[in-house]
Amino acid sequence: MNILILTNSYTPFVGGLERSVALFTSRLRSRGHRVLIVTPDSEGAPLNEEDVVRVPAIQHFNGTDFSVQLPVPGILNAILREFRPDLVHSQHPFLIGDTALRIATESKAPLVFTFHTFFEHYTHYTPVDSPQSKRFVAALATGYSNLCDSVIAPSESVRQELQHRGVTRPISVVPTGIDVESFKEGDGQAFRAAAGIPPDAFVAGIVSRIAPEKNLGFLTEALMHFMTLNVNAHFLMIGDGPSAEEIKATFTEKGFGDRFHAPGTLQGRPLLDGYHAMNVFVFASFSETQGLVLTEAMAAGVPVIALDGPGVRDVLREHDGGRLIMDQKSDEFVKALQEYAALSPSEYESRSASAQARAADYSHEICTNLLLDVYRAALSNELLQHEYKTNHWKETLDRLQTEWHLFSNVAQAAHDALAPRQNTVQSS
């Protein structure tokens, strides 16, 4: 089938959503499907990309790494006439998500939407960050979900949260899969040597966008406490973002600079080696819908210590791949780190094997099958199979109806955000 994917962010930006799009695209193409990706242009984007259309965009929106598409009417018309999508898959409810809805309407194709993000955790990137703006974006995402034919949740806990928020469209759980076998390969000792980490050090590590929404303040406090108790403990922070320099400065000021290692964003073999250089993977974010990096760490045989939260609790189970800390208490997190640091080699090997076994449930083959099941169900929906009249009046009505739905969604979200609060948006 011809699958059109629209996303507000893609390579070279590195994050869970972008990696999800790239991983699923690769697997779908390997099975003979044609996938066309439409995304805003971005600085440093590859010059030669297979079936990727970059639309003009404002770079570094509001001082961030993100790009925001400019409205350029008709820029996709010729491309879409040639591509003729069987199905449209939107990755965002805003900006290019509106374009996805319009294209689906005009192409008479089903629209699938993946709810990747609890957007209320990201309003600090917008000019107005307030309780009202958080409610607005949450309500807007819910309304957009109900304009789609099918919704994908990356985890069961997210599916339940979407139902709680009022999503009434069919919701399917489809995690992002990984190449489980590839993560078993990695040279942790070579990575340690290059990074200046002693071969016998106990390394707690993270792979993440280094940003406020990842709750890194809590993680920094817990790790410094742990490092005070364990002179052999080191922290490996892989990734980059607006909080990176602040965290580095904090570790340095507290006297842990020689045990703090931040190589920046890594991909490919260096990333695999980085995972294998860790003894435990640490995570404190509440804004995840799956936590792809948790699966990758476990596939590499690295047990995970994480705070309980949506998405995280679906991947990680207590003593099945690591430790799930139910309350945001630094002492409990440190206690779990101490437990792993005290394991004998045979005990650690058992925990490592348990983590790898848990990660096997997230193989790319299993998850791609789930995605294709959603696509086929959307295509077979009887409501989408009726005969469409092809005269210009009917097409005009379809377009007007789509624009009305988009406007109504924004208006309803604004009403929900500004009205007196009966229900508070659930913290995620």
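This note reviews the aromatic contacts of the structure above.

1. The model is predicted, so local features need pLDDT of at least 70, side-chain atom pairs count only at pLDDT 80 or more, and totals for chains, interfaces and linings use all residues. Residues are numbered from 1 along each chain as its sequence is written, and side-chain values use heavy atoms, with hydrogens and water left out.

2. Rings of Phe, Tyr and Trp (its six-membered ring) pair if their centres lie within 6.5 Å; planes under 30 degrees apart count as stacked, over 60 as edge-to-face and the rest as tilted. The count by this rule is 10 aromatic pairs. One of them joins phenylalanine 183 and tyrosine 275 edge-to-face, at 6.0 Å centre to centre and with 70° between the planes.

3. Phenylalanine 183 belongs to the loop between strand S9 (171–173) and helix H6 (188–195), and tyrosine 275 to helix H9 (residues 268–276), so this pair ties together parts 92 residues apart in sequence. Helices (H or I, at least four residues) and strands (E, at least two) are DSSP runs, numbered from the N terminus.

4. Phenylalanine 183 counts as buried at 8% relative accessibility, and tyrosine 275 counts as buried at 0%. Buried means under 20% relative accessible area, exposed over 50%, and partly exposed in between (1.4 Å probe, protein chains only).

5. Phenylalanine 218 and phenylalanine 333 also form an edge-to-face pair, with 5.7 Å centre to centre and 90° between the planes. Phenylalanine 218 lies in helix H7 (residues 216–229) and phenylalanine 333 in helix H12 (residues 330–341), so the pair links parts 115 residues apart in sequence. Both residues, phenylalanine 218 and phenylalanine 333, are buried.

6. One aromatic cluster is formed by Phe183, Tyr275, Phe281 and Phe283.
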